[in-house]
Amino acid sequence: MGVAKMSKVSFTTFQLRGEAYQWCHAYELSSPAEAASLTWTQFLDIFLREYVPQILKESWRAEFEQLRYGAMTVSEYAVHFSDLARHAPALVATVRERVRRFIEGLHPSIRSSMARELEMDISYQQVMGIVRRFEGMFARDREEREAKRSRDVGYYSELVPQ
């Protein structure tokens, strides 16, 4: 979407209502005039501290620790991973840790194919590209097996007298 980091804060605070708006307005009034504007990360951290109960944050962290690829697509898994990782920053403090945790949550057939990447200094974006290619290859293999199976079933049903 290409929204600049400073614009994210302005856009979000513009949409706040009620108590959240009052809180934000009070925060702005209490900040020194010469203070730098909040970055998106700073705003998000402050907002979450103010409005998200600790028990919910702990629940998100636990969900992150248990997150597995399962029946999701790689893109869906990546979205859940990124959303929940925000609530467990100590667990993904470095790029290497983020990559390792992401790979560990993948389907075993993909995870075993990614063993080399665990040993390399590779970016999260590069891992995503590799995993998406694996997902595409596995999907094509599955489609080919299913097509072969349906051809075989059709062939055998022609041999069986009715």
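This is a predicted model: local features need pLDDT of at least 70, side-chain atom pairs count only at pLDDT 80 or more; totals for chains, interfaces and linings use all residues.
Not counting residues up to four places away in sequence, Met 114 touches Ile 103, Leu 106, Val 127, Ile 130, Val 131 and Phe 134; contact means heavy atoms within 4.5 Å. Residues are numbered from 1 along each chain as its sequence is written, and side-chain values use heavy atoms, without hydrogens or water. Local features need pLDDT of at least 70 and side-chain atom pairs count only at pLDDT 80 or more, while totals for chains, interfaces and linings use all residues.

Buried means under 20% relative accessible area, exposed over 50%, and partly exposed in between, with a 1.4 Å probe and protein chains only. Helices here are DSSP runs (H or I, at least four residues), as strands are (E, at least two), numbered from the N terminus.

Now turn to the aromatic rings. The whole structure holds 14 aromatic pairs. Rings of Phe, Tyr and Trp (its six-membered ring) pair if their centres lie within 6.5 Å; planes under 30 degrees apart count as stacked, over 60 as edge-to-face and the rest as tilted. Select Trp 23 and Tyr 27, a tilted pair at 6.3 Å centre to centre with 35° between the planes. Trp 23 and Tyr 27 are four residues apart in helix α2 (residues 18-30), so about one helical turn separates them. Trp 23 is buried, at 15% relative accessible area, whereas Tyr 27 is partly exposed at 29%.

Because Trp 23 lies in α2 and Tyr 51 in α3 (residues 40-51), the pair ties together parts that are 28 residues apart in sequence. Tyr 51 is partly exposed, at 27% relative accessibility.

For an aromatic cluster, select Phe 64, Tyr 69, Tyr 77, Phe 81, Phe 102 and Tyr 124. Arg 98 lies over the face of Tyr 124, 4.7 Å from the ring centre; the criterion is NZ of Lys or CZ of Arg within 6 Å of the ring centre and within 35 degrees of the ring normal.

The last stop is the largest pocket. About 430 Å³ of space lies in it. On a 1 Å grid over the protein atoms alone, a pocket is an open set of points with protein on both sides within 12 Å along at least five of seven lines, and lining residues have an atom within 4 Å of a point. Of the 17 lining residues, Asp 45, Leu 48, Arg 86, His 87 and Pro 89 lie nearest the centre of the pocket. The largest share of the lining, six residues, comes from α3. Select His 87, in the loop between α5 and α6. His 87 is buried, at 14% relative accessibility. Not counting residues up to four places away in sequence, His 87 touches Leu 48, Lys 57, Trp 60 and Arg 61.

Methods: On a 1 Å grid over the protein atoms alone, a cavity is a set of points where a 1.4 Å probe fits but cannot get out, and a pocket is an open set with protein on both sides within 12 Å along at least five of seven lines; lining residues have an atom within 4 Å of a point. Grid points are joined across faces, edges and corners, and a volume is the space filled by probe spheres set on the points.
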